[in-house]
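Dear colleague,

I am passing the model below on to you, with notes on what was computed from it. Please read the notes beside the coordinates.

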Amino acid sequence: MAGLPPSSLTLESRNFILRRLTKADASERLFSWADDDLAAEMLNTKRRQWSLAEQAAFFAGKPDKVLLAIVPRQQEYPIGFYSLHLQPRIGVFTISHLISDAAWRGKDLTAETSDPIYEYLFNKLDYAKAKANVRPQNRPMLWLMLGGKNWRKEARLVGHLRDAETGERSDLLVLGMLAQEWRAAREPRSAA
């Protein structure tokens with residue numbers, strides 16, 4: 001059985017610190033995190049200012065749901081977060097993320113910041129599989145995930161999502177990645 005991370009979990013990449021997002025992180029700086037179309041869609045909410053109370057409730061977390069703040073090394077405040085839903089009994093975790101600060105989008109930070117998460121969950125906590133749920137219209141994320149990171153499309157859930165504001169239904173793609181395939185992609189290739 002896979003394990004759960006400690007509440008003090010902190011991971012690092014070259015340019016970023018990934019640390020637990022807590023109720024104490026709720027601040028006026030984050031009011032605009034749900035106030036653009038992409039962020040609102042990712043949070044499955046209407047576009048709006050994200051109040052301190054809403055932030056604190058979202059950041060409170062649960063033992064099987066870990067929120068990791070993405071904090072650039074030269075900054076004090078997060079620019080987004082990863083959400084990890086952990087299922088240790090079956091060794092599967094679902095990963096999602098939001099780059100809330102639009103100035104940081106499109107800067108290839110997803111590849112850099114996701115690798116420490118995979119390393120930790122696959123190699124330290126013994127998870128066997130990662131899952132991600134992506135809307136078919138989220139082409140940048142699909143391009144990123146299906147373009148060489150060992151992710152593969154496993155299912156299309158037709159009419160699975162319901163828009164919180166309009167009630168309109170849309171499809172959802174389920175992607176998967178096995179730990180051994182992630183590890184194999186990182187092994188040095190021997191010359192033939």
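What volume does the largest cavity have? The largest cavity has a volume of about 40 Å³, where a cavity is a set of points on a 1 Å grid over the protein atoms alone at which a 1.4 Å probe fits but cannot get out, and a volume is the space filled by probe spheres set on the points, with grid points joined across faces, edges and corners.

Before going further, please note that this is a predicted model, in which local features need pLDDT of at least 70 and side-chain atom pairs count only at pLDDT 80 or more, while totals for chains, interfaces and linings use all residues. Residues are numbered from 1 along each chain as its sequence is written, and side-chain values use heavy atoms, with hydrogens and water left out.

**Cavity and pocket**

The structure holds one cavity of 30 Å³ or more. Its lining (residues with an atom within 4 Å of a point) consists of Pro-5, Leu-9, Leu-11, Val-66, Leu-84, Leu-86, Ile-117, Tyr-120 and Leu-121. By class, the lining has nine nonpolar, no polar and no charged residues, with Ala, Val, Leu, Ile, Met, Phe, Trp, Tyr, Cys and Pro counted as nonpolar, Asp, Glu, Lys and Arg as charged, and the others, Gly among them, as polar.

The second largest pocket (a pocket being an open set with protein on both sides within 12 Å along at least five of seven lines) has a volume of about 430 Å³. Of its 18 lining residues, the closest to its centre are Gly-106, Thr-110, Pro-140, Met-141 and Leu-144. Helix α4 (139–146) is among the elements that supply at least two lining residues, and α4 gives the most, with four. The lining divides into eleven nonpolar, four polar and three charged residues.

**Strand β8**

Eight of the ten residues of β8 (residues 169–178) are buried, so this strand is largely enclosed by the rest of the structure; buried means under 20% relative accessible area, exposed over 50% and partly exposed in between, with a 1.4 Å probe and protein chains only. Strand β8 pairs in the antiparallel sense with β6 (residues 129–134) over six bridges, and with β7 (residues 152–162) over seven bridges, where pairing requires that DSSP finds at least two bridges between two strands. Leu-175 in β8 stands opposite Ala-132, whereas Val-174 in β8 is the bridge partner of Ala-155. Six residues lie between β7 and β8 in the hairpin that they form, and Gly-167 in the turn has a positive phi of about 80°.

**Helix α2**

In α2 (residues 52–59), Gln-55, Ala-56 and Phe-59 are buried. Seen down the helix axis, the buried residues fall within an arc of 95° (taken from the directions from the axis to the C-beta atoms), so they line one face of α2. They pack against β3 (65–72), with contact meaning heavy atoms within 4.5 Å, while the face turned away from the buried side carries the exposed residues Ala-53 and Ala-57.

**Positive phi outside glycine**

Asp-108, in the loop between β5 and α3, has a positive phi near 65° and counts as exposed at 55% relative accessibility.

With best regards
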